[in-house]
Amino acid sequence: MRAGVAFGSNLGDRLGHLQAASAEVMCIEKLEPPIQVSAIYETEPVDCDAAAGKFLNAVIEIGYTGDAMELLQRLREIEKKLGRPSRRERNASRTLDLDLLYFGDALLSTPELELPHPRMTTRRFVLAPLAEIRPDLVLPSQKKTVTELLAALPDRSPLVRTSLQW
């Protein structure tokens with residue numbers, strides 16, 4: 001099953017947090033190639049407190065032979081291992097945020113997980129890196145490609161493709 005994972009950080013060593021998380025994701029059991037990795041983008045905070053710093057954001061797509069809930073648990077374990085508190089305010093600044101964006105063609109709505117991610121189609125900082133690696137992807141319950149969804153967004157907030165390396 002192909003799965004998309006969004007990476008974000010706006011506290012501390014942002015690049016270091018993304019690199020460490022990427023290394024951990026690559027060690028998840030049941031991972032299958034190919035693995036596609038976007039560039040790292042610097043973005044303004046969205047729906048965060050006024051003092052929040054800029055984010056580094058990226059998206060990867062992996063193959064995974066387990067189920068979506070199992071993958072979500074692995075992502076949460078990585079967040080915890082790398083210092084993210086298990087309880088925090090929604091949209092608070094964070095050292096690391098890993099979001100499961102989609103899991104094949106799964107449509108899922110539970111208290112723990114909603115697939116595809118419920119806000120991804122309205123977030124430029126998710127769609128731009130995803131469009132870089134999967135421009136023709138049509139998400140479950142959508143009719144437009146990721147590239148078309150990105151082009152239709154009214155949000156024109158600054159999004160800078162960086163030269164930072166994973």
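## Elements and ground rules

Helices (H or I, at least four residues) and strands (E, at least two) are DSSP runs, numbered from the N terminus. With that naming, Ser 141 sits in the loop between H3 and helix H4 (146–152).

This is a predicted model, in which local features need pLDDT of at least 70 and side-chain atom pairs count only at pLDDT 80 or more, while totals for chains, interfaces and linings use all residues. Residues are numbered from 1 along each chain as its sequence is written, and side-chain values use heavy atoms, with hydrogens and water left out.

## The nonpolar cores

Let's start on the inside. A nonpolar core here is a set of buried Ala, Val, Leu, Ile, Met, Phe, Trp, Tyr and Cys residues joined through side-chain atoms within 4.5 Å. Buried means under 20% relative accessible area, exposed means over 50%, and partly exposed lies in between (1.4 Å probe, protein chains only). The largest nonpolar core has 25 residues, and Phe 7, Leu 71, Leu 75, Leu 98 and Leu 100 touch the most other members. Two or more residues of this core come from each of strand S1 (2–9), H1, S4, H2 and strand S5 (97–103). As background, nonpolar side chains tend to be buried together in soluble globular proteins.

## Helix H3 under cover

Helix H3 (124–133) is mostly covered, with nine of its 10 residues buried. Those buried residues are Arg 124, Phe 125, Val 126, Leu 127, Ala 128, Pro 129, Leu 130, Ala 131 and Ile 133. Their cover includes S2, S3, S4, S5, H4 and strand S8 (159–161).

## Salt bridges

A salt bridge is counted when a side-chain nitrogen of Lys or Arg is within 4 Å of a carboxyl oxygen of Asp or Glu. That rule gives 11 salt bridges. One of them pairs Lys 81 with Glu 24, at 2.9 Å from N to O. Lys 81 counts as exposed because its relative accessibility is 58%, whereas Glu 24 is partly exposed at 24%. Another salt bridge joins Lys 54 and Glu 44, whose closest N and O atoms are 3.5 Å apart. Both residues lie in the loop between strand S3 (41–43) and strand S4 (55–64), so the pair ties together parts that are 10 residues apart in sequence. Lys 54 is partly exposed, with a relative accessible area of 40%, and Glu 44 is partly exposed at 30%.

Why does Arg 84 count as buried? Arg 84 counts as buried because its relative accessibility is 12%. Its salt bridge with Glu 79 has closest N and O atoms 3.0 Å apart, and Glu 79 is buried too, at 9%. Through shared partners, salt bridges join Glu 79, Arg 84, Arg 94 and Asp 97 into one network.

## A nonpolar patch on the surface

Which residues form a nonpolar patch on the surface? They are Met 26, Ile 35 and Val 37, with about 190 Å² of accessible area together. Patches are made of residues with over 30% relative accessible area and no salt bridge, with like charges joined within 9 Å and nonpolar side chains (Val, Leu, Ile, Met, Phe, Trp, Tyr) within 5 Å. Accessible areas come from the Shrake-Rupley method with a 1.4 Å probe, and for residues only the protein chains shown count as cover. Met 26 is found in the loop between helix H1 (14–25) and strand S2 (31–37), and is partly exposed because its relative accessible area is 31%.

## Backbone details worth a look

One joins Pro 33 and Pro 34, with omega about 0°, and Pro 34 is in strand S2. Another joins Leu 115 and Pro 116, with omega about -10°; Pro 116 is in the loop between strand S7 (114–115) and helix H3.

Lys 30 is not a glycine, yet has a positive phi of about 75°. Lys 30 is in the loop between H1 and S2 and is partly exposed, with a relative accessible area of 41%. Ser 141, also not a glycine, has a positive phi of about 75°. Ser 141 counts as exposed because its relative accessibility is 61%.

Methods
Contact means heavy atoms within 4.5 Å.
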